[in-house]
Amino acid sequence: DKFKHGLEKTRTSFSGKINELVARYRKIDEDFFEDLEEILIGADVGVSTVMELVDELKEEVRLRNLKDTEEIQPVISEKLASLLEKDDKDTTLQLQEGLSVILVVGVNGVGKTTSIGKLAHYLKGQGKSVVLAAGDTFRAGAIDQLDVWGERVGVPVIKQQEGSDPAAVMYDAIAWARSRKADVLICDTAGRLQNKVNLMNELAKVKRVIEREVPGAPHEVLLVVDATTGQNALSQAKAFAASTDVSGLVLTKLDGTAKGGIVIAIRQELDLPVKFIGLGEQKDDLQPFDAEQFVYGLFQ
Ligand code: GDP
């Protein structure tokens, strides 16, 4: 299935290596834990998380009096799953009756447009009527690219000319979505990093319009980050979360990296749920994130 296929690279580097380690050591000892640490850090799980995880494993080994490396394998997946589920923050989208607004943010190139297209397709599949707002009026080609996705997945795209005021685009899109009684409006935003202050100001303005026009909106502010950039994705997420109220993450391109452990690092170091993961470039390559399924995908 998609999950399994999309996580192939990470699985090979991750559970492949762990299996090899288990077979090589047979007995649990200090060296085993040291090598395990190396594998986990190599998969971008993050140093502090790995230390914590390995400490917990050692404790578990002591309590359960485990001796064989084979016995520790299920404990590793248990621990990883519990790291990902560490609190009860909902990983599902928070939508409301009537019009829901999802604001999508992130820097250029991370897969924002693609994720919006895929998300529209996913929601359509759930019987929702979806409208897209072309709020990235800055990057050349961004509007056209969103248009292509709109056509591909069969949802309307509300747009103005390149260079126009994104807040005005949002205003139009909300009015349009309302008049058609749409369920979900997904708003693209500019993602230039060159001028961070302007970007954040513009984002704040766009958000104000949405808040003013739709009570309770935006219902979600999804930050898109690229898993292939590893620890960079983490620092980007931290920077965004510090200046905008992000409600959840979309982690893209997990199919293109062997370092899928970044999901765990992000979950540990940010108090933000991963809501969706991108596992390819096609319209149905976006999956709602499920910790158990993810860990299962890593080991099967
Ligand atoms: P944006 O600049 O953030 O809007 O990024 P795009 O949506 O244009 O995506 C940049 C590139 O990443 C495109 O070539 C996409 O096809 C690709 N991409 C996006 N998401 C994924 C994913 O989950 N997996 C893979 N393999 N490629 C992706």
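User: How much space lies in the largest cavity here?

Analyst: Rolling a probe the size of a water molecule over the atoms shows where empty space is left. In this predicted model, the largest cavity holds about 40 Å³. A cavity is a set of points, on a 1 Å grid over the protein atoms alone, where a 1.4 Å probe fits but cannot get out. Points are joined across faces, edges and corners, and the volume is the space filled by probe spheres set on them.

User: Which residues line the largest cavity?

Analyst: Lining residues have an atom within 4 Å of a point. Here they are Val104, Ser115, Ile116, Leu119, Leu222, Val224, Val250 and Leu286. Two elements, α6 (112–125) and β5 (220–226), each give two or more of them; α6 gives the most, with three. Elements are DSSP runs numbered from the N terminus: helices are H or I, at least four residues, and strands are E, at least two.

User: And what is the volume of the largest pocket?

Analyst: A pocket is an open set of points with protein on both sides within 12 Å along at least five of seven lines. The largest pocket has about 180 Å³. Of its 13 lining residues, Thr114, Lys118, Lys253, Gly280 and Glu281 lie nearest the centre. Helix α6 gives the largest share of this lining, three residues.

User: Anything to know about the numbering and cut-offs?

Analyst: Residues are numbered from 1 along each chain as its sequence is written, and side-chain values use heavy atoms, without hydrogens and water. Local features need pLDDT of at least 70 and side-chain atom pairs count only at pLDDT 80 or more, while totals for chains, interfaces and linings use all residues.
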